[in-house]
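Colleague: I've got this fold open in a viewer and I'd like to learn how to read its strands and its core. Can you walk me through it?

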Amino acid sequence: MYTSSVKTIDNCSNCQSNCGQSFVIETDKYGLSSSHIKALVSGKACVVRVSAFANQHACDVISNGQAAMGFEPYINVSEVRKIGMAFYETELKADLLDAYFDLAEKNRQEFRRACEPYGSPLDSLRAILDDIWPAGAGLQTMFGRKMFVGLSRMVEPNTTFLAHHDIFAEDAPGIEEAESLTAQFAANIYFSVPQKGGELLMWHRNLTTSEFDEQRKGKYGISIEDLPAPDVIVKPNTGDLLLFDSRKIHAVASPQDSPRRAVSFFVGYRGEDNPLTYWS
Ligand SMILES: O=C(O)CCC(=O)C(=O)O
Ligand SMILES: [Fe+2]
């Protein structure tokens with residue numbers, strides 16, 4: 001378990017910027033702006049924390065709604081629990097791609113239903129990204145079809161998310177929609193968080209795909225103990241939104257006392273003049 005809530009690194013030789021600024025930028029729902037996205041792109045921020053993005057009552061309802069819908073293991077990672085289907089699960093297999101696109105709309109609706117009687121904070125975030133980004137933001141398409149967005153995920157006590165990176169082009173090699181990204185962020189809104197544990201851990205040093213594949217030893221990620229101490233540790237509070245560079249190595253420390261439930265998606269960036277896109 002990691003105890004500090006936010007660690008600030010002033011001089012890190014491995015990261016892209018050596019600007020002496022905090023690598024965790026804090027804001028709120030009304031303060032989130034294009035400058036935060038740009039700070040993630042430039043490496044001035046590793047994590048943007050939007051405090052209390054969803055209110056406590058909504059989080060209780062949504063967390064219970066998620067539990068009632070029922071979490072299932074990933075098709076290709078049995079130890080991680082989710083609701084909906086991640087594009088990562090398709091491994092570009094024809095039958096799984098069909099299932100992914102066929103289920104996308106129903107899965108988007110199901111998360112919305114789990115939020116009733118509250119509006120979905122994921123929908124708020126989608127609208128805010130569209131508002132704040134000069135070229136707007138929209139749902140990612142592939143093969144002319146709309147992708148799923150809004151994967152619910154649970155980390156149970158004494159389990160982790162191993163250290164990994166999320167790079168769209170690794171899941172969709174040769175596909176223009178994925179290869180055209182120049183940056184990728186993860187967005188997570190947390191509906192229940194443990195009192196102890198459950199921190200997001202990040203490392204500045206990027207691993208190449210071959211270094212990563214060597215170190216993960218056939219698993220989907222690298223054991224946290226096999227890496228040096230993380231460079232950035234952020235403990236989300238209930239209702240927080242965290243945005244971070246998903247192409248950097250990251251992991252989730254084990255919750256100690258209760259499950260940690262969130263909804264997650266990716267944001268794709270293709271330069272300042274192009275729209276942001278999102279998918280799960
Ligand atoms: O749950 C988290 O804090 C991060 C999960 C993750 O690996 C991701 O969103 O890419
Ligand atoms: Fe990730």
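Predicted model: local features only at pLDDT ≥ 70, side-chain atom pairs only at ≥ 80, totals over all residues.

Colleague: Okay, which residue is the bridge partner of M202 in β14?

Modeller: That's H250. The strands involved are β11 (residues 200–202) and β14 (residues 250–252), which run antiparallel and are joined by three bridges.

Colleague: What is the strand order in the open sheet of four strands?

Modeller: In general, strands of a sheet pair through backbone hydrogen bonds, either parallel or antiparallel. Here the order is β9-β14-β11-β12, with antiparallel pairing. β9 (161–164) and β12 (232–234) are the edge strands, each pairing on one side only. Neighbouring strands of this sheet are turned by 15 degrees against each other on average, ignoring direction.

Colleague: Why is β8 largely enclosed by the rest of the structure?

Modeller: Side chains in a regular strand alternate between the two faces of the sheet. β8 (residues 151–155) is largely enclosed because five of its five residues are buried. L151, R153 and V155 cover one side, with S152 and M154 on the other. β8 pairs antiparallel with β4 (residues 81–83) through three bridges, where R81 stands opposite M154. With β15 (residues 260–269), β8 has five antiparallel bridges, and S152 stands opposite V263.

Colleague: And which residues touch the most other members of the largest nonpolar core?

Modeller: Nonpolar side chains tend to be buried together in soluble globular proteins. In this core of 72 residues, the answer is V47 and I189. Contacts of I189 beyond four places in sequence include F53, P121, L241 and V263.

Technical notes. Residues numbered from 1 in each chain as written. Chains lettered and ligands numbered in written order. Pairing = 2+ DSSP bridges. Helix = DSSP H or I, 4+ residues; strand = E, 2+ residues; numbered from the N terminus. Axes fitted to C-alpha atoms, helices over the stretch in contact; angles between N-to-C directions. Core = buried A, V, L, I, M, F, W, Y, C linked by C-beta atoms within 7 Å. Buried ≥ 20, exposed ≤ 12 C-beta atoms within 10 Å, placed from the backbone. Contact = placed C-beta atoms within 7 Å.
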